[in-house]
Amino acid sequence: MKLYPDDAQQKLGFDAVRRRLEGHARSPLGRERLEVMQPSTDQAHVESLLTRTAEFQQALRADDPIPLSPFTDIREVLRHAQPKDATVEAEGLAEVGGVLGTMRRAHGYFKSRRDTYPEVATLALEIEPQKQLEEHITRTVDERGQVRDDASPELRRITRTLAERQGQLRSTLLKSLREAASQGWTTEEQPTVRNGRAVIPVRAEAKRKVQGFVHDVSGTGQTVYIEPAAVLDLNNEVRELELERSREIRRILRELTGHLRSQLPDIRASLDVLACIDALQARARLSNELDALVPELNDEGRVRVVRGRNPVLALHFQREGEDETARAVVPLDLELSDEQCTLIITGPNAGGKSVAMKTVGVLALMVSCGLPVPAAPGTSLALFDRLFVDIGDQQSIEQDLSTFTSHLKNLRKMLADADDRALVLIDEAGTGTDPAEGGALAQAMLEALTERGARTVATTHHGTLKAFAHTHPRVENGSMQFDQATLSPTYRFQEGIPGSSYAFEIAQRVGLNDDVLGRARELVGEGKTALEELIASFEAQTQALEAELATAREEAKRAEHARRSFEGRNEAIQKRKDEIVGQALEEAERIVGEANARVERTIREIKEAEAAKEETRAAREKLEGFKDQVERKKQKKARRAPKPRPASAKVEGGPIRVGDHVRLDDGQTTGEVLELDEKEALVALGQMKVRAKLKRLTKVGGPKKQRVEVRTPKARGQTAMPALDAQRRIDLRGQRVEEAIPAVMRLVDEAAMAGLEMVEVLHGTGTGALRAAIRDYLDSRPEVTRSADAPWEEGGAGVTVVSLR
């Protein structure tokens with residue numbers, strides 16, 4: 001893309017975007033690539049950049065951290081390693097090792113995610129990992145750029161020996177120093193080093209009393225630094241070992257440099273790829289910072305911006321650090337196409353006209369540089385061949401240019417080169433000269449650009465241009481909304497509506513003299529005043545309609561939320577209904593099972609009693625009738641499964657106490673509260689016992705009054721309860737004593753009224769506490785003649801056989 005003038009990017013504010021982008025680079029190499037970034041018209045190249053940036057955005061947002069730490073520019077180190085027999089210093093080799101590690105990690109990260117990020121992986125796989133060289137450097141040089149003491153066996157031996165000799169040397173020096181100090185020949189407590197030799201400080205007047213060699217004298221001449229004769233040989237040995245160590249280090253570095261030299265071509269190629277990846281991650285970080293997305297690219301020259309935000313303003317507000325809601329960028333919606341290729345934006349000063357126009361230009365620059373744009377889905381942009389910008393005051397004393405002349409120079413360039421592949425941005429068209437002539441010149445210019453099909457956005461205050469836009473089929477009016485109540489801009493763009501400058505209204509608000517204002521209205525003419533008032537009235541009505549539309553949308557949103565809430569509640573009720581039906585069916589199955597067991601026991605008893613054939617047949621018929629009756633009850637209960645009740649039917653019945661009858665959730669079945677604590681209650685629901693939180697319970701009644709009936713025992717032949725209905729065996733395993741005793745009481749009562757001679761209580765063995773409590777209770781009943789363990793083959797001590805009178 002060709003830009004005119006040369007500072008077009010600065011005029012649009014794109015330089016601020018570039019600075020922020022370059023700040024995200026992790027290396028000088030990545031920053032260099034971003035510094036030379038230029039807008040492109042190659043759609044394949046731009047699409048590739050956008051796709052890779054979008055993949056990087058996704059990785060930064062939702063994946064593990066990308067192992068791309070800051071890395072140095074090692075190109076100079078690589079150049080230094082190029083000549084044969086060259087030796088790279090340890091610090092430079094450490095930098096190379098760090099970069100090689102970054103290459104290897106980046107290569108591995110995207111290789112393992114090639115299906116998730118295919119475009120970035122394709123680039124990253126061009127890196128040639130140098131694992132052997134990296135490990136060689138790591139074994140040789142540490143993170144501080146120092147050769148390791150164990151870089152080679154010989155260096156390890158020399159270093160160990162040197163350390164031993166240095167220890168001996170220090171001990172001998174300290175001994176000589178203490179002797180000199182005891183004689184008063186020195187006042188310092190530590191030896192030092194002069195000219196690479198270990199020495200002790202001695203007073204100048206005592207220098208002949210210490211045997212040794214003078215290596216240095218202090219600046220005042222008061223102290224002489226002497227190497228005692230006792231350490232001469234040790235000093236020599238230490239010096240020789242140090243030189244030997246230096247030679248071994250040079251040999252190691254020379255060898256390692258040779259290894260590096262053999263891999264230079266691959267390293268340089270991989271370094272270029274790593275720089276590209278660094279530039280990509282910078283693009284992605286900026287895009288995520290701006291909440292940007294990849295727009296649709298088109299080759300028809302169409303510009304469709306959906307909720308686009310000016311990135312320069314967005315970055316500025318982020319730097320300010322102000323409250324997001326107070327300093328949010330107002331989104332922009334506009335469109336330019338072949339049918340309507342020119343947009344004229346009008347409105348008051350400082351209302352956002354220029355910002356809206358610049359937003360179009362910045363977004364066009366961003367996409368042509370392969371950067372996602374801060375806009376919403378549906379945004380579509382073209383890659384223009386040329387971008388012309390006429391913004392600001394370009395007057396120059398040196399070049400003898402006035403403001404108007406500089407505008408004319410820009411317009412001349414536009415007319416010479418603009419075509420249907422150009423984007424033209426003109427700020428304050430027709431200004432800088434006589435308003436009538438300036439307006440006519442601006443209209444003629446816009447007519448010419450429109451005829452050529454150039455996509456043009458112009459801002460102006462000229463009323464003639466508003467009329468021109470209204471009458472021309474390929475030119476569209478637009479304006480920046482203005483709040484007439486507060487006389488302040490809202491920065492919202494209105495397509496198809498011309499805007500008023502509100503000059504008189506703003507002047508009145510700031511306190512300009514009323515007489516002057518009145519005279520100004522007279523001078524401008526009634527027609528002009530009426531037109532501005534009509535525009536203002538139309539804008540006020542539009543704002544009112546937009547407010548009503550916003551209210552309607554909010555109400556629709558609430559209605560949709562209520563609908564979803566109702567559907568969720570209905571689904572929960574249906575699920576609860578199915579659970580209750582299932583529980584009812586399970587209970588019915590249990591009843592049938594008990595009935596079948598009772599039938600079998602009765603038949604067994606009949607057989608054991610050797611009853612007559614007719615009596616047996618009658619008993620069987622009676623049992624079959626009972627079974628059919630129970631089955632009908634089961635089916636009837638399933639059909640009567642409780643239907644979910646609406647939440648509005650719930651009635652709060654006050655605090656819940658033990659004995660009260662309650663309803664669980666919004667169901668229909670009620671139960672009795674057996675136990676109660678601060679948060680939960682144990683509720684008996686039919687044959688089930690449920691522990692539920694108090695907030696799920698609704699009180700529907702208090703404790704039911706107990707009805708006591710006194711029954712006179714009858715003769716065995718005149719029992720009020722048929723033997724068929726009375727239980728002969730109960731199972732109390734797992735129950736507590738307070739639960740089991742009432743069940744035993746019912747068993748004995750029913751058996752006595754039915755005239756049974758024997759019943760069984762299954763309680764299990766356990767600790768024996770339940771068995772003992774049941775036996776104690778049975779002993780208190782006058783109807784019981786005996787209670788004992790069952791035979792071992794029928795349960796033994798786990799079953800109590802009860803004999804009745």
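Colleague: Is Asp15 buried, partly exposed or exposed?

Modeller: Keeping in mind that this is a predicted model, Asp15 counts as partly exposed, because its relative accessible area is 22%, and buried would need a value under 20%.

Colleague: And which residue does Asp15 form a salt bridge with?

Modeller: The partner of Asp15 is Arg19, and their closest N and O atoms are 3.3 Å apart. Both residues lie in helix 2 (residues 14–23), where being four residues apart separates them by about one helical turn. Arg19 itself is exposed, with a relative accessible area of 53%.

Colleague: How many salt bridges turn up in the whole structure?

Modeller: A search of the whole structure gives 44 salt bridges. One of them joins Asp789 to Arg775, with the closest N and O atoms 2.3 Å apart. Asp789 belongs to strand 23 (residues 784–789) and Arg775 to helix 22 (residues 769–779), so this pair ties together parts that are 14 residues apart in sequence.

Colleague: Is Arg775 buried or exposed, then?

Modeller: Arg775 counts as buried, because its relative accessibility is 14%, whereas Asp789 is partly exposed at 36%.

Colleague: Changing topic, why is strand 11 largely enclosed by the rest of the structure?

Modeller: Strand 11 (residues 386–390) is described that way because four of its five residues are buried.

Colleague: Which strands does strand 11 pair with?

Modeller: Strand 11 pairs in the parallel sense with strand 1 (residues 2–4) over three bridges, and Lys2 stands opposite Arg386 there. Five bridges also join strand 11 to strand 12 (residues 422–426), again running parallel, with Val424 as the bridge partner of Phe388.

Note on methods:
Residues numbered from 1 in each chain as written. Predicted model: local features only at pLDDT ≥ 70, side-chain atom pairs only at ≥ 80, totals over all residues. Heavy atoms only, no water. Buried < 20%, exposed > 50% of the residue type's maximum accessible area, 1.4 Å probe, protein only. Helix = DSSP H or I, 4+ residues; strand = E, 2+ residues; numbered from the N terminus. Pairing = 2+ DSSP bridges. Salt bridge = Lys/Arg side-chain N within 4 Å of Asp/Glu carboxyl O.
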